[in-house]
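The following note concerns charged side-chain pairs. Please read the points below alongside the coordinates.

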Amino acid sequence: ELATESEGACLLEGAHETAAGVIHEWSVTQADRAGQLLTVHSLFDVAGDRGLQRHWFREPLRLFYRPEIELLLGQAGLEPEAFLGDYDGEEYAGDSPRLLVIARRN
């Protein structure tokens, strides 16, 4: 699924204590299903000794599906060894938060 149920809503991702103060992270996600694009707009509020500081950034992501990655790897002379769904090494499934690929030259 390219987007979550919260697409377009401003979500509080979390609050973190740091030496600079408390950081609140907010995000809004927009999906372009036809273009396989996901854009995450993030806002970081830092409340500390220097008052409130606000930082924005936009992260455009290109989404790839497993068959597309397999094709591109083959065209590059690579062979996939594993498809993982997270950084803990769990096997990739449709509801995995990530698609991580381990490949080697063939």
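1. A salt bridge is taken here as a side-chain nitrogen of Lys or Arg within 4 Å of a carboxyl oxygen of Asp or Glu. By this criterion, the search of the whole structure finds four salt bridges. In general, side chains of opposite charge can pair when their charged atoms come close.

2. On provenance: this is a predicted model, in which local features need pLDDT of at least 70 and side-chain atom pairs count only at pLDDT 80 or more, while totals for chains, interfaces and linings use all residues. Residues are numbered from 1 along each chain as its sequence is written, and side-chain values use heavy atoms, with hydrogens and water left out.

3. Asp 45 is buried at a relative accessible area of 10%, whereas Arg 54 is partly exposed at 48% (buried means under 20% relative accessible area, exposed over 50%, partly exposed in between; 1.4 Å probe, protein chains only).

4. Glu 68 pairs with Arg 62 in a salt bridge whose closest N and O atoms are 2.9 Å apart. Glu 68 is partly exposed, with a relative accessibility of 22%; Arg 62 is also partly exposed, at 38%.

5. A further salt bridge joins Glu 70 to Arg 66, at 3.2 Å from N to O. These two residues lie four apart in helix H1 (residues 66–75), so about one helical turn separates them. Helices are DSSP runs (H or I, at least four residues), numbered from the N terminus. Glu 70 is partly exposed at 34%, and Arg 66 is partly exposed at 34%.
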